[in-house]
Amino acid sequence: MRNVLDKNQDKADDIRQLLKQNQVVMFNFISSPGAGKTSLLELLCENLAPEYNIGIIEGDAYTDRDARRLIKYNLPIIQINTEGGCHLDSNSISGALAEFDLNKLDVVFVENVGNLICPTAFDLGENYCIALTSTTEGDDKPTKYPMLFRKADSIILNKIDLIPYTNFNINSFKADLQKLGVNIPLFEISCMQQAGINNVLDWFKVIIESK
Ligand SMILES: Nc1nc2c(ncn2[C@@H]2O[C@H](COP(=O)(O)OP(=O)(O)OP(=O)(O)O)[C@@H](O)[C@H]2O)c(=O)[nH]1
Ligand SMILES: [Mg+2]
């Protein structure tokens, strides 16, 4: 396992170098299945594509369904199927990046395979990692999956529209993050109702502008 991770890390370091040379910033979206990664990407594409050149890498175990959802934005999309694998690795990202004309891109969004554990162990060479979680999964995720929340550069809590129908407690969610020593931006949003989106868009814009 150490050998695999070492090789992954070397490739990830190369990717970070490549991105820097081309002035491209790459985001890795990690969440459990169904938390809303593709829904968020739809909103990001819709709102950011007019201003920035976006490339998308869609990680999925078997299908190209998510990539198909994004085709309408007419952006370069590379599909990676892991054939059952529970995470992307830097080798597959390196291959996907080679398909893009990086000179023409400002930003690459990577949707990882839905999983809260395995993707956190594999550096993809991204510049920023986003931990996405949703209210229907429960408020105990930071404590149960601390690796993701410690690795992340921001946290997006999705499906706030469903809070009235769940026992999700935002205060205990925040208190658990505090106990972990995680002090990063937290955005509370609903992709479905497009609530809380402006702050998220601003966070991305500031990063992309300063690349
Ligand atoms: N109520 C509600 N539903 C949402 C919201 N965001 C996404 N959904 C729904 O949640 C389901 C899963 O959303 P996706 O965006 O496909 O989630 P994902 O994380 O990409 O899922 P995988 O790729 O399978 O890991 C879909 O039915 C969405 O319509 C939200 O803010 N509120
Ligand atoms: Mg998806």
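The following exercises, with worked solutions, concern a predicted model.

**Exercise 1.** Determine the order in which the 7 strands form the open sheet, and state which strands stand at the edges.

*Solution.*
Step 1. The strands of the open sheet are arranged as β3-β2-β4-β1-β5-β6-β7, and their pairing is parallel.
Step 2. At the edges stand β3 (77-81) and β7 (186-188); each has a single partner strand, so one side of each is left without a neighbour in the sheet.
Step 3. On average, neighbouring strands of this sheet are turned by 20° against each other, direction ignored.

**Exercise 2.** Describe how strand β1 is joined to strand β5.

*Solution.*
Step 1. Strand β1 covers residues 25-30 and strand β5 covers residues 128-134.
Step 2. The two strands run parallel and are joined by 4 bridges.
Step 3. One of the residues with a bridge partner in β5 is Phe27, whose partner is Tyr128.

**Exercise 3.** Identify the protein donors of the magnesium ion (ligand 2), and decide whether Thr38 and Asp66 are buried or exposed.

*Solution.*
Step 1. Thr38 (OG1), Asp66 (OD) and Glu111 (OE) are the protein donors, lying 2.1 Å from the magnesium ion.
Step 2. Along the chain, the donors follow the spacing T-x27-D-x44-E.
Step 3. Thr38 belongs to helix α2 (residues 37-48) and Asp66 to helix α3 (residues 65-70), so the pair ties together parts that are 28 residues apart in sequence.
Step 4. A residue counts as buried under 20% relative accessible area. Thr38 has a value of 5% and is therefore buried. Asp66, at 16% relative accessibility, is likewise buried.

How values were computed:
Residues numbered from 1 in each chain as written. Chains lettered and ligands numbered in written order. Predicted model: local features only at pLDDT ≥ 70, side-chain atom pairs only at ≥ 80, totals over all residues. Heavy atoms only, no water. Pairing = 2+ DSSP bridges. Axes fitted to C-alpha atoms, helices over the stretch in contact; angles between N-to-C directions. Donors = N, O, S within 2.8 Å, 3.2 Å for Na, K, Ca; no water. Buried < 20%, exposed > 50% of the residue type's maximum accessible area, 1.4 Å probe, protein only.
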